[in-house]
Amino acid sequence: MPKRKQPKITWFHRLFLLGLGFLLVGVLLIIIEIASRFLCPQWAPVSGTCQYYWNHDEKLGWSHKPNRNGRFTRRDFSIQVNINSDKLRDDEYSRNRTGKKRMLVLGDSFGWGWGVDVENRFSEIVEKRHPDWEIINSSVPGYSTDQQYLYLKEQGIGFNPDVVLLLVYLNDFEGNTTPEFCLYNKPYFVRSGEGLVLKNSPVPARSIRQRLEFYLVERTYFLRQIYHGGVVLRSKFAWRKKPASQARPDDPRRVQNEIMTYLIKSMKDLCASRNMQLVLVSCPMDAQRRTVLRNACESAGIPFLPLDSAFANPLDRTDFPHDVHWNALGHRIAADAIDAF
């Protein structure tokens with residue numbers, strides 16, 4: 001009996017089977033993603049950036065879109081956000097001084113009022129108590145001290161404030177040394193001799209990879225879990241031993257502390273050149289990082305207010321159930337401490 005001739009497998013068949021496999025996997029992922037939205041509501045995105053209000057900025061990485069208004073909604077809150085013509089979440093303020101004293105706030109999402117309407121933000125609470133002051137809040141979510149310094153140097157100084165209040169959060173230490181934060185590119189500084197050198201400037205626009213990862217983090221449930229799982233695995237295998245010639249010469253934490261100290265001193269020198277008083281306020285953080293800030297302020301003659309004691313024994317919760325940012329009570333506590341200081 002003659003042998004049955006085996007069909008010849010061509011490249012077309014291979015490509016067809018490969019495409020069919022990808023299609024089936026894609027359909028399966030879509031089905032699981034839809035099911036996750038009903039069965040696993042706890043997987044809903046609860047953090048991230050407010051891209052709707054941001055433009056790419058070659059100097060700062062990102063900045064607010066001028067005159068952009070809308071609702072900003074997360075799992076724990078829904079707030080109104082109004083951006084003015086100066087790209088700030090604040091009222092309109094003239095560059096020309098009035099008869100009032102003036103303060104400029106530099107901060108990140110805590111200063112911006114992540115999760116609270118603007119009238120409940122600490123800067124507005126303090127301003128309302130002191131009608132003889134104008135308090136301009138230039139905070140932008142995700143900004144580190146390096147971006148705040150660059151903003152003050154390029155734009156904030158144009159408001160001619162009497163006082164500059166710098167609000168520091170724990171993640172600023174790491175943020176000052178990285179070219180990317182929250183899947184956005186940013187400028188950063190490196191040490192050079194006795195000073196700092198600006199890197200990643202002009203800041204490149206986001207890559208396709210960053211845009212795709214941002215979508216997974218901000219818009220999906222199940223795929224977001226896979227993405228975060230991949231990030232964890234990647235970090236676990238990042239310890240692979242390098243040749244001695246490629247070993248890191250410095251401890252990253254020490255480098256972060258030094259760059260933070262340099263930035264604070266640079267900001268103080270900039271303020272002093274314009275007869276402005278720099279004040280540093282720190283959100284609650286670990287004692288070691290707080291000591292770095294205290295030493296930097298003492299050596300440069302900068303008034304320093306750590307908010308740790310103010311938040312030590314609150315009457316009620318000062319943040320959100322699924323978010324570390326201050327709620328209205330947290331902003332009121334911060335306002336009370338800053339006002340008294």
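## Partly exposed residues and a helix pair

A residue counts as partly exposed when its relative accessible area falls between the buried range, under 20%, and the exposed range, over 50%. Lys265 has a relative accessible area of 48%, so Lys265 is partly exposed. Please keep in mind that this is a predicted model.

Lys265 has a partner: its side chain meets that of Asp269 in a salt bridge, 3.1 Å from N to O. Both residues belong to helix 8 and sit four residues apart, about one turn of the helix. Asp269 is partly exposed too, because its relative accessibility is 41%.

## The chain as a whole

Let's step back to the overall picture. The protein chain holds 10 helices and 15 strands, and 44% of its 341 residues are buried. Its accessible surface comes to about 18,800 Å², with 58% of that belonging to carbon and sulfur atoms.

Contacts between residues at least 6 apart in sequence can be sorted by separation, and 69% of them join residues at least 24 apart.

## Salt bridges between separate elements

The whole structure contains 18 salt bridges. One of them pairs Asp286 with Arg253, whose closest N and O atoms are 3.5 Å apart. Arg253 lies in helix 8 (residues 252–273) and Asp286 in the loop between strand 12 (277–282) and helix 9 (287–300), so this pair ties together parts that are 33 residues apart in sequence. Asp286 has a relative accessible area of 31% and is therefore partly exposed; Arg253, at 35%, is also partly exposed.

Another salt bridge joins the side chains of Arg290 and Asp308, at 3.0 Å from N to O. This pair links distant parts of the chain, with Arg290 in helix 9 and Asp308 in the loop between strand 13 and strand 14, 18 residues apart.

Elsewhere, Asp90, Arg121 and Glu124 are linked in a network of salt bridges.

## A look at Arg317

Where does Arg317 sit? Its place is in the loop between strand 13 (304–306) and strand 14 (319–320). Arg317 is partly exposed, with a relative accessible area of 43%.

The side chain of Arg317 makes a polar contact of 2.8 Å with the side chain of Asp319. Leaving aside residues up to four places away in sequence, Arg317 touches Asn327 and Leu329. Arg317 and Asn327 are 10 residues apart in sequence, and their C-alpha atoms are 8.1 Å apart in space.

Methods. Residues are numbered from 1 along each chain as its sequence is written. This is a predicted model: local features need pLDDT of at least 70, side-chain atom pairs count only at pLDDT 80 or more; totals for chains, interfaces and linings use all residues. Side-chain values use heavy atoms; hydrogens and water are left out. Helices (H or I, at least four residues) and strands (E, at least two) are DSSP runs, numbered from the N terminus. Buried means under 20% relative accessible area, exposed over 50%, partly exposed in between (1.4 Å probe, protein chains only). Contact means heavy atoms within 4.5 Å. Accessible areas come from the Shrake-Rupley method with a 1.4 Å probe; for residues, only the protein chains shown count as cover. A polar contact is a pair of N or O atoms within 3.5 Å; within protein, one must be able to donate a hydrogen and the other to accept it, and residues adjacent in sequence count only if both atoms are side-chain atoms. A salt bridge is a side-chain nitrogen of Lys or Arg within 4 Å of a carboxyl oxygen of Asp or Glu.
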